[in-house]
Amino acid sequence: MNQKLIRLIERREQLVAQAAAQRTALAGDIQPWRARLAVVDQGLAGLRFLKRHPAWLVGGVVLVAAVRPGSVGRWLERGWLTWRIMVRLRGE
């Protein structure tokens with residue numbers, strides 16, 4: 001075989017072995033974080049759901065307003081202020 005091709009094959013084998021060792025080390029390092037990352041992943045999935053189905057969010061606000069009408073005004077003010085700040089930060 002061509003000497004250059006042999007060197008490339010050997011280099012590829014080294015890189016594949018190195019990648020496998022790095023994956024094993026990374027899996028061990030991430031293990032303590034696995035439960036926390038799962039919670040974050042569920043939270044992001046919930047936010048994506050609310051983005052696709054905003055009626056559920058509106059329904060939840062209406063439900064809270066019906067149950068606790070006094071505190072809803074403060075939360076709506078905070079939400080409105082937060083939304084306006086985000087719009088301005090994005091430059092829209």
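Predicted model: local features only at pLDDT ≥ 70, side-chain atom pairs only at ≥ 80, totals over all residues.
Trainee: What percentage of the residues of the chain count as buried?

Mentor: Burial is read from the relative accessible area, and a residue counts as buried when that value is under 20%. Of the 92 residues here, 3% count as buried. The surface can be read as a total as well, for the chain exposes about 8700 Å², with carbon and sulfur atoms supplying 65% of that area.

Trainee: How many helices and how many strands are there in the chain?

Mentor: The chain holds four helices and zero strands, and its pattern, when read along the sequence, is α-α-α-α.

Trainee: Which residues form the aromatic pair, and how is that pair arranged?

Mentor: With aromatic rings one looks at the distance between their centres and at the angle between their planes. The structure holds one aromatic pair, formed by tryptophan 80 and tryptophan 83, whose centres lie 5.2 Å apart with 35 degrees between the planes, an arrangement described as tilted. Both tryptophans belong to helix H4, which covers residues 69–90, and they are three residues apart, about one turn of the helix.

Trainee: Why does tryptophan 80 count as exposed, and how does tryptophan 83 count?

Mentor: The cut-off for exposed is over 50%, with partly exposed lying between that and the buried limit. Tryptophan 80 counts as exposed because its relative accessibility is 55%, while tryptophan 83, with a relative accessible area of 46%, is partly exposed.

Trainee: Where are tryptophan 75 and leucine 81 found?

Mentor: Tryptophan 75 is found in helix H4, and leucine 81 is found in helix H4 too. Tryptophan 75 is exposed, since its relative accessible area is 57%, and leucine 81 is exposed at 52%. Separation in sequence and separation in space can then be read side by side: tryptophan 75 and valine 61 are 14 residues apart in sequence and 9.6 Å apart from C-alpha to C-alpha, while leucine 81 and threonine 24 are 57 residues apart in sequence and 46 Å apart in space.

Trainee: Which residue lies over the face of tryptophan 33, and how many positive and negative side chains does the chain have?

Mentor: Charges can be read one by one or as sets. Arginine 36 lies over the face of tryptophan 33, at 4.9 Å from the ring centre. Taken as sets, there are 16 positive and 6 negative side chains, and the centres of the two sets are 7 Å apart.

Conventions
Residues numbered from 1 in each chain as written. Heavy atoms only, no water. Phe/Tyr/Trp six-rings, centres within 6.5 Å; stacked < 30°, edge-to-face > 60°. Helix = DSSP H or I, 4+ residues; strand = E, 2+ residues; numbered from the N terminus. Buried < 20%, exposed > 50% of the residue type's maximum accessible area, 1.4 Å probe, protein only. Lys NZ or Arg CZ within 6 Å of the ring centre and 35° of its normal. Areas by Shrake-Rupley, 256 points an atom, 1.4 Å probe, with all protein chains shown as cover. Lys, Arg positive; Asp, Glu negative; His and termini not counted. Charge placed at Lys NZ, Arg CZ, Asp CG, Glu CD.
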